[in-house]
Amino acid sequence: MSAVAASQDLHTPLREVFGFDAFRPLQEEIIRDSLNGRDVFALLPTGGGKSLCYQLPALVRPGLTVVVSPLIALMKDQVDQLQASGVAATCLNSAVVASESRSRLRGLHQGRYKLLYVAPERLMLSGMLDDLRQWQVERVAVDEAHCISEWGHDFRPEYRQIRELRQHFPGVPFLALTATATERVRQDIVQQLHLRDPGIYVASFNRPNLTYRVLPKASGAEQVVAFVRSRSKESGIVYCSSRAGTESTAQKLRAEGIKAAAYHAGLAATERSQNQEAFLRDEVRVMCATIAFGMGINKPNVRFVIHQDLPKNIEGYYQETGRAGRDGLPGECLLLFSPGDAVKQQRFIEEKPDATEQRVAREQLQQMVHYAEIGECRRAALLDYFGEEFPGTECGGCDNCLAPRQTWDGTVAAQKLLSCVFRIRQKSGFHVGLNHVVAVLTGADTEKVRQWGHQDLSTYGIGRDIARNEWGAVGRELVRLGFLRQTTEKFSVLELTAEGIAALKDRRRVTLTKPREILQPNVTRVGNIACDELLFDKLRLLRKRVADEQGVPPYVVFSDVSLRQMARQYPTASAEFRRISGVGETKLQTYGGAFLEEIAAHLQANPRQVFAEDSFSAPIQPSRRGSGSTHSLNESVRETLGRFRRGETPERIAHERGFVLGTILGHLSTALEAGEAVDLSKIFTVDDDAAIAVAFAQNGFGNLYGAAEALGGRFEQGHLRLWRSAHPASRGR
């Protein structure tokens, strides 16, 4: 790194223009590498601050930064935010009228802009290259760079044109940014863009503020309505696989008095644009959309993302869930899963003209189904998919860690199914798919069973005691456990692996996971930044008025994080207001007066509230505490709660039930959060209680890892989560 790049003052513009006191992980390293003239590949998760990596360098060096962006909405959104922060930025795309386009071109020729956003297909238009040569291009940033790879989940052929820029601007550094890419896609991006000895930066894929849940799909849209109704002030996205699904779900939400709109490719462009704008401006609370909606949508206060239908692959699922909680505050990600959705996806895959495309799509779909059905930590599974190892044993932020599913001795069932696969192969000389294996096990009288003589097998009908759908779940879990292999050809079949043959011969004990009951989503949520909620609501209304007057989305004025800090710290002077995250000099001058007046007026009529120093409030608790009703708890949690109330210790319950201690402590946490009375004096002494309170106060109420480390390993994370569940009011101490 050159001495200039190493010594460049980056913190002053970071504070004065963008209103931030510190960089997020890897941002400063990426920026300094780029300023040094080096090509850079950066993979930062959604909400990880990719845009700053090219926006800040554009401010500290002369010349123009060209940002290649795939969507008009994304360009407009970023330009609006930059202009609100006092940065000279513009965009050129098909939505800009001719007169305005000429005005912007004049400004570019006169050197008035620091950043230009442009679509990839426009780059190679006649005259554009000549213009770029005159505009002193200092840097080229390729946003959503995974679009250049045919192995990426959102490949766009027009992105391949970008690589031609390298020939025309050989000395200009390139910066490729994406939020989601496997190792194969990363290598393809570097190769396609001809990046030269690039700095490679891959941040953690972990989004600790997101909670991941999967529920069996029963009523689909009705489950979505129940979930959204329980979050009366929160904004979210519902992803559906079909256009008709988006329309019907939006209609059901509107029938419940919830402001919702649909977004899909079948709508007229003007209607799509209007619906998107209404969502960005908080005039629509819920957007029901196909995957046509979302890439690059920089709405930071999306509090939940629901997948009403099964996504095609994990990369798309990860990116779509990543649209929740971009502001760093908690977000919920709910997937409603039905094996029937996988069958529908298979039909779509069969319509693909290319055999290789079909094979890749089937493999990706299998991985998505496995994720939906696993009984282990979902966060760890997501990270593993992207080649990252989760450091802990449980994340405390997914349904399988918060309320572990029950297991059962599936040895007999596994023996039956594995034996059936073996007998079919032995008799017929070929393998068959899972559906046919289940048909034989359950004694079905089908044409194929009769045609192949499988009614004569010793395994025919030996599984009539288990329903067909349950056998399907057993089969898929045996694939996940490595006892069976499922091929990815057009006619997918099951094959016994060496592990499966050994398990069959040795009658090895096989533990399987019980599926979750079909229940409505749990409305208990992770915490938020504690603040004066009345003042927060007033500031939100003020933000909306200001945004409407300026014709921009509310988050362009201030994010929810900024408003919550205002409603927590009560700034009454410009110097105090400047210390709020997201308040730069331009925003201080533009908006500071109105917001300071609102805060002062509130304090005249209401007392100032006092909050602890940690960052997050306690989980939201139901109002009925100690009601004694356990109907909302699953069977396993109810058993743990009953045993604990009868005097058994968590350690004894764990030993006798064959669970790890953390699972039992998780059951008690779930019971507490559901409003049940749990006497924790049997677990924590008065000294324990005081020590844990201090650890949370020092490390943040949402930071289990930090609190555990501060306590020197005296308590498991399960103990700390349980304590936290029991102390919703601890923040006010």
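**Close-up views of a predicted model**

**View 1. Arginine 231 and two phenylalanines.** Arginine 231 lies over the face of phenylalanine 227, at a distance of 3.8 Å from the centre of the ring. All of the views in this set come from a predicted model.

**View 2. Aromatic pairs, with tyrosine 54 and tyrosine 117 as one example.** The structure holds 12 aromatic pairs. A pair of aromatic rings is described by the distance of the centres and the angle of the planes. For tyrosine 54 and tyrosine 117 the ring centres are 6.4 Å apart and the planes stand at 65 degrees, and because an angle over 60 degrees counts as edge-to-face, this pair is given that name. Tyrosine 54 belongs to helix α4 (residues 52-60) and tyrosine 117 to strand β4 (residues 115-118), so the pair ties together parts that are 63 residues apart in sequence. Both tyrosine 54 and tyrosine 117 are buried.

**View 3. The pair formed by phenylalanine 227 and phenylalanine 304.** The rings of phenylalanine 227 and phenylalanine 304 have centres 5.5 Å apart and planes at 70 degrees, so this pair, too, is edge-to-face. It links distant parts of the chain, with phenylalanine 227 in helix α11 (residues 221-229) and phenylalanine 304 in strand β12 (residues 302-307), 77 residues apart. Phenylalanine 227 and phenylalanine 304 are both buried. Elsewhere, one aromatic cluster is formed by Phe205, Tyr318, Tyr385 and Phe386.

**View 4. Glutamine 78 and its surroundings.** Glutamine 78 is found in helix α5, which covers residues 72-84. Its relative accessible area is 6%, and because a residue under 20% counts as buried, glutamine 78 is placed in that class. The side chains of glutamine 78 and tyrosine 117 are joined by a polar contact of 2.7 Å.

**View 5. Glutamine 345 in helix α15.** Glutamine 345 is found in helix α15 (residues 339-350), and with a relative accessibility of 7% glutamine 345 counts as buried. Leaving aside neighbours within four places in sequence, glutamine 345 is in contact with Leu310, Pro311, Lys312 and Leu365.

**View 6. The buried side of helix α30.** In helix α30 (residues 650-657) the buried residues are Pro650, Ile653, Ala654 and Arg657. These residues cover an arc of only 100 degrees around the axis, which means that they are on the same side of α30. An α-helix has 3.6 residues a turn, so residues three or four places apart point the same way. The buried residues of α30 pack against α29 (635-645) and α31 (661-673). Just after α30, glycine 658 takes a positive phi of about 75 degrees.

**View 7. Confidence along the chain.** The protein averages a pLDDT of 83, and 90% of the residues score at least 70. Confidence is lowest in helix α1 (residues 3-7), at a mean of 52, and highest in β12, at 95. Over residues 613-631 the pLDDT is below 50, and this stretch has 64 contacts in the model beyond near neighbours in sequence. Residues 729-733 also have a pLDDT below 50, and that stretch has 17 contacts in the model, again beyond near neighbours in sequence.

Methods:
Residues numbered from 1 in each chain as written. Predicted model: local features only at pLDDT ≥ 70, side-chain atom pairs only at ≥ 80, totals over all residues. Heavy atoms only, no water. Helix = DSSP H or I, 4+ residues; strand = E, 2+ residues; numbered from the N terminus. Buried < 20%, exposed > 50% of the residue type's maximum accessible area, 1.4 Å probe, protein only. Polar contact = N/O pair within 3.5 Å; in protein donor to acceptor, adjacent residues only side chain to side chain. Arc of directions from axis to C-beta. Contact = heavy atoms within 4.5 Å. Phe/Tyr/Trp six-rings, centres within 6.5 Å; stacked < 30°, edge-to-face > 60°. Lys NZ or Arg CZ within 6 Å of the ring centre and 35° of its normal. pLDDT = per-residue confidence, 0-100.
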